[in-house]
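Biologist: Could you take me through this structure, please? I would like to start with the aromatic rings.

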Amino acid sequence: MNTDKIIELAFYTLPAIITGAVAYYFFHMHTQNSENQRRFMLRRENQKQALPIKLQAYERLALLMERISPTKIVIRIAPLSEDKIEYQNLLVQHIEQEFEHNLTQQIYVSDECWTMISSAKNTTIQNIRKAALSTAVSNADGLRETILTNSLEGESVNNLALSYLKTEVKEFL
């Protein structure tokens with residue numbers, strides 16, 4: 001008789017245990033789904049707020065590439081004297097100032113993009129210094145002409161960086 005009571009007790013408790021386990025499973029899945037939905041909504045809201053800031057960063061970096069391009073900077077910044085080294089230093093100083101002014105924008109762009117921007121800046125400075133070292137250049141106006149001629153001859157690194165910026169913006173739009 002004792003085993004009959006145990007079997008009867010098992011018949012009563014087994015459905016209760018199964019029902020409890022199923023209820024726990026569905027409650028657990030429901031809370032997990034709600035949590036995932038809240039995360040998704042927060043992420044979406046953050047993206048709505050971050051997208052304009054990120055686009056503004058890309059705009060500023062595009063403007064930086066335009067402002068430090070050799071053709072634009074030579075036209076925009078006139079030499080203060082006839083000394084080519086003084087003019088070279090003035091151009092490099094302006095490029096460095098523009099770059100430092102936009103230094104914080106790197107947190108909004110990819111590492112590859114920032115590397116392209118930095119390389120374009122460094123290459124531009126290197127090209128200006130190389131033109132100033134040329135023996136054919138004797139004064140600041142000659143340096144301006146040499147820089148303009150050299151920049152018009154080949155593909156500008158600034159244009160390459162600018163096209164990379166545009167490609168990266170198109171990827172997340």
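Biologist: How many aromatic pairs does the count come to?
Modeller: The count comes to two aromatic pairs, where rings of Phe, Tyr and Trp (its six-membered ring) pair if their centres lie within 6.5 Å. This is a predicted model in which local features need pLDDT of at least 70 and side-chain atom pairs count only at pLDDT 80 or more, while totals for chains, interfaces and linings use all residues. Residues are numbered from 1 along each chain as its sequence is written, and side-chain values use heavy atoms, with hydrogens and water left out.

Biologist: Which charged end sits over the ring of Phe99?
Modeller: That of Lys121, 4.6 Å from the ring centre; the rule asks for NZ of Lys or CZ of Arg within 6 Å of the centre and within 35 degrees of the ring normal.

Biologist: Turning to the largest nonpolar core, which residues touch the most other members?
Modeller: Met65, Tyr87, Leu91, Ile117 and Leu165 do, out of 31 residues. Such a core joins buried (under 20% relative accessible area, 1.4 Å probe, protein chains only) Ala, Val, Leu, Ile, Met, Phe, Trp, Tyr and Cys residues through side-chain atoms within 4.5 Å.

Biologist: And which element gives the most to this core?
Modeller: H4 does, with eight residues; helices are DSSP runs of H or I, at least four residues, numbered from the N terminus.

Biologist: What is Leu165 in contact with?
Modeller: Leaving aside neighbours within four places in sequence, Leu165 is in contact (heavy atoms within 4.5 Å) with Tyr58, Leu61, Ala62, Met65, Cys113 and Ile117.

Terms used: Buried < 20%, exposed > 50% of the residue type's maximum accessible area, 1.4 Å probe, protein only. Helix = DSSP H or I, 4+ residues; strand = E, 2+ residues; numbered from the N terminus. Phe/Tyr/Trp six-rings, centres within 6.5 Å; stacked < 30°, edge-to-face > 60°.
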